[in-house]
Amino acid sequence: MTAALQRVSDNRWRLTGTLDFDSVPELRPRIREALRRGADLTVDLGGITHTNSAGVALLLQWMEDARRKGATLRVQDPPREFTELAGLSTGTISRIKQQT
């Protein structure tokens with residue numbers, strides 16, 4: 001299955017399907033187009049059926065892109081699988097920083 005990003009309104013988007021190494025590359029530029037206006041955005045993740053680290057990396061990249069444009073990207077309704085992966089990534093990064 002692939003992933004889809006749909007515009008719900010000017011500043012609201014909905015992400016559905018599978019976020020993985022196959023689907024993420026085509027999604028990467030989609031939010032960047034919306035961020036060119038510098039508006040705060042909300043991405044609803046409730047339609048994600050499966051994800052892996054590529055999905056977490058995509059959202060982190062979009063958040064960084066928003067920050068660089070002076071905007072905020074908010075995430076709404078993340079599935080449990082996503083939050084578990086994101087928590088693991090955050091914990092791993094924190095431990096690496098403490099060790100250096």
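Biologist: What separates E64 and R67 in helix α2?

Modeller: About one helical turn, because E64 and R67 are three residues apart in α2. Helices here are DSSP runs of H or I with at least four residues; strands are runs of E with at least two; both are numbered from the N terminus. This is a predicted model: local features need pLDDT of at least 70, side-chain atom pairs count only at pLDDT 80 or more, and totals for chains, interfaces and linings use all residues. Residues are numbered from 1 along each chain as its sequence is written, and side-chain values use heavy atoms, with hydrogens and water left out.

Biologist: What makes the contact of E64 with R67 a salt bridge?

Modeller: The term needs a side-chain nitrogen of Lys or Arg within 4 Å of a carboxyl oxygen of Asp or Glu. The closest N and O atoms of E64 and R67 are 2.5 Å apart. That is within 4 Å, so the term applies. E64 also forms a salt bridge with R68, at 3.1 Å. E64 and R68 are four residues apart in α2, so about one helical turn lies between them.

Biologist: How many salt bridges does the structure hold?

Modeller: Five. One of them joins the side chains of R14 and D44, at 2.9 Å from N to O. This pair links distant parts of the chain: R14 is in strand β2, D44 is in strand β3, and they are 30 residues apart. D44 has 10% relative accessible area, so it is buried. R14 has 28% and therefore counts as partly exposed.

Biologist: How do you know that β2 and β3 pair?

Modeller: Two strands pair if DSSP finds at least two bridges between them. β2 and β3 have seven, in the parallel sense. T16 has G47 in β3 as its bridge partner. β3 and β4 (residues 73–76) are also parallel, over four bridges. There, D44 stands opposite Q76 in β4.

Biologist: What hand does the unit of β2, α1 and β3 have?

Modeller: Right-handed. With the strands pointing away from the viewer, the path from the first strand over the helix to the second runs clockwise. β3, α2 and β4 make a right-handed β-α-β unit too.

Biologist: Which residues touch the most other members of the largest nonpolar core?

Modeller: L15, L19, L27, I31, V43, L59 and W62, out of 23 residues. β1, β2, α1, β3 and α2 each supply at least two residues. α2 gives the most, with six.

Biologist: What does I31 touch?

Modeller: L5, W13, L41, V43, W62 and L73, leaving aside residues up to four places away in sequence. Contact means heavy atoms within 4.5 Å.

Biologist: What makes the R80 and E84 side chains a polar contact?

Modeller: The distance is 2.7 Å. The cut-off is a pair of N or O atoms within 3.5 Å; within protein, one must be able to donate a hydrogen and the other to accept it, and residues adjacent in sequence count only if both atoms are side-chain atoms. R80 lies in helix α3 (residues 80–99). At 65% relative accessibility, R80 counts as exposed.

How values were computed. Core = buried A, V, L, I, M, F, W, Y, C linked by side-chain atoms within 4.5 Å. Buried < 20%, exposed > 50% of the residue type's maximum accessible area, 1.4 Å probe, protein only.
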